[in-house]
Amino acid sequence: MKLIQALLVVFVTVLFQSAMGAERINIAISASPNNLAPFYSTDANSQNINRLVHASLVDFNEKMQFICIACEKYEEKMNGPKHVFTFTLRPGLTFSDNTPVTADDVKKSYEYFAKNEKIKSTFMGAYESIEAVNVKDAKTVEIVFKNFSLENLSNLSLLKIVKINDLTKETFEPLDIIGCGDYVLKEIQPLEIVVEPRNKERPVLVFKVVKDETTLALKLINKEIDLTVANMSPRKVFWLKSQPGIKVWEMPSGNFQFMGLNHKRDLFKDIRVRKAFSLLIPRKEILEYKLKNTAVLSIGMFSPAFGDMFEPGEVERNDINLARELLKEAGWKKNKNGILEKDGKLLEVDWKVNNNKASIEIAEVLQHYLEKEGMIVNISIQEWGTYMSAFKAGKFDIVVGQWVGFTGPDMLKFVFHSGNTPPKGGNRVGYNNPKVDAVLDQATVETNAEKRTALYKQALKMINEDYANINLWHLNIIWIGRSCLSDIKLESTGSFYPLKTLEKNCGK
């Protein structure tokens, strides 16, 4: 009788679970994805959800190194000036409708992203350098670029292998596009996106938009949210770490936060002044008391996340006496009112800040330390569009900026080469050093990986020694969840790939 009762309980439990559907993990994100059609996905949440649904040939791992996703292996070679990649597709790779993925599908996907005028992909310009996509056999495809560039392979991470059954439609909605990733997009609501695993033993992922961090923290405590991948203030992270039943995962991101000094201003043309500004910043104290240790201090543009470019070194010290000596050597002396003055001109700077609360707080902290030494620091708070317009136009003395989403050392040329001032590039501080330009130009065309990395490291050393920017810190990637979730290994890009192995053991 007891055996029959036990079997009945198991039978009823199975029926109940079947009726309720697969286990669900509720994941908070801070903003709705802009567009989940992979042809137009430019924001982080859209791209990260698409990584689960749509596989690309390659992507980046936690050390910012290329790895195969849809491919089993790839080979790279130079054929004269042409940069050639040969990819072998992963065995057994299928679309979510269970049809096999072939090399011809890769070629069609390239045409969707790069050529199709009806689709008009946002990324069309990224593939202008592709000369040909050649199908070698069912599982082998060759992609030929006109010239060598580090961006060639990087841009392929945005090219998802997709299938469209009806090309006659006027517009293509995300649910019309069939992917070959591990998940299938099932439901899109303004504040909720549901993706289901193709492996039915895996949990369903439900992304819920929660914009207010206090509300989000309470939802975590109340178990309405299982995991948050949204940005949260250091204070809120610090508080949540102390709460029972909460687990925190974190690692340094690849993002780089810096103080940008406008090199076109006479004040900052003097390296002694640039260095003095850097020496006045108490980075370790700010990290501990303001950022609550949610970042790592920077010794250059590349955080520990960059396996090839990062080299350990000393963080800039806080040395007030040396800063004073440098300012004095540069001709700046305090007047009777305690304000630094040179040739009758006061040391007064215009600091542009966007209206993000965290950015304002950091600017106000740094302002305090600069004004203690006799500077006049006028903070101008602007909405994002106005702030970025001023930044790109060089209408500032100081900004605290952040570079996000870059994946390789080629970013150095975009940010620091004198030929890349806006609108052409990202050299918004107007840095100009012909010796740095020459090394970056040489690195850009160097096809040998070891020699290329050495050149980029040489350029980075020169940039740091020249105080082209003032290095601050790299904010951590931080995920916070219920303690009953399994351990996960974060990726420095903030990618959602770790969700593919996440398990929920709550109540088991």
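Biologist: Hello! To begin, which residue of β5 is the bridge partner of Met78?

Modeller: This is a predicted model, in which local features need pLDDT of at least 70, side-chain atom pairs count only at pLDDT 80 or more, and totals for chains, interfaces and linings use all residues. Residues are numbered from 1 along each chain as its sequence is written, and side-chain values use heavy atoms, with hydrogens and water left out. Strand β4 (residues 71-79) and β5 run antiparallel, joined by eight bridges (strands pair if DSSP finds at least two bridges between them). Within β5, the bridge partner of Met78 is His83.

Biologist: Which residue in the turn of the β4 and β5 hairpin has a positive phi?

Modeller: The hairpin leaves two residues between β4 and β5. The one with a positive phi, of about 65 degrees, is Gly80.

Biologist: In β7, what is the bridge partner of Thr88?

Modeller: Strand β5 also has β7 (residues 140-145) as an antiparallel neighbour, through six bridges. Across this pairing, the β7 partner of Thr88 is Thr140.

Biologist: How many of the eight residues of β5 are buried?

Modeller: Buried means under 20% relative accessible area, while exposed is over 50% and partly exposed lies in between (1.4 Å probe, protein chains only). Strand β5 covers residues 82-89 and is mostly covered. Of its eight residues, the number buried is six.

Biologist: How many helices and strands are there in the protein chain?

Modeller: Both are DSSP runs numbered from the N terminus: helices are H or I with at least four residues, and strands are E with at least two. By that count, the protein chain has 14 helices and 23 strands.

Biologist: Is helix α2 largely enclosed or open, and against which strands do its buried residues pack?

Modeller: Eight of the 10 residues of α2 (residues 44-53) are buried, so the helix is largely enclosed by the rest of the structure. Among the buried ones are Asn45, Ile49 and Arg51. They pack against β1 (24-29), β2 (58-60), β10 (183-189), β11 (192-197) and β12 (204-209).

Biologist: Which residues does Pro282 touch, beyond those up to four places away in sequence?

Modeller: Pro282 is in the loop between α7 (271-279) and α8 (283-290). Its relative accessibility is 2%, so Pro282 counts as buried. With contact meaning heavy atoms within 4.5 Å, Pro282 touches Asn318 and Tyr369.

Biologist: What share of contacts between residues at least 6 apart joins residues at least 24 apart?

Modeller: Overall, 49% of the 508 residues count as buried. Of the contacts you ask about, the share joining residues at least 24 apart is 66%.

Biologist: Last one: what is the radius of gyration of the protein chain?

Modeller: The radius is taken over C-alpha atoms, and the globule rule is 2.2 Å times the number of residues to the power 0.38. Those atoms fill a box of roughly 95 × 65 × 40 Å along the principal axes. With 508 residues, a compact globule would have a radius near 23 Å, which agrees with the value for this chain, 26 Å.
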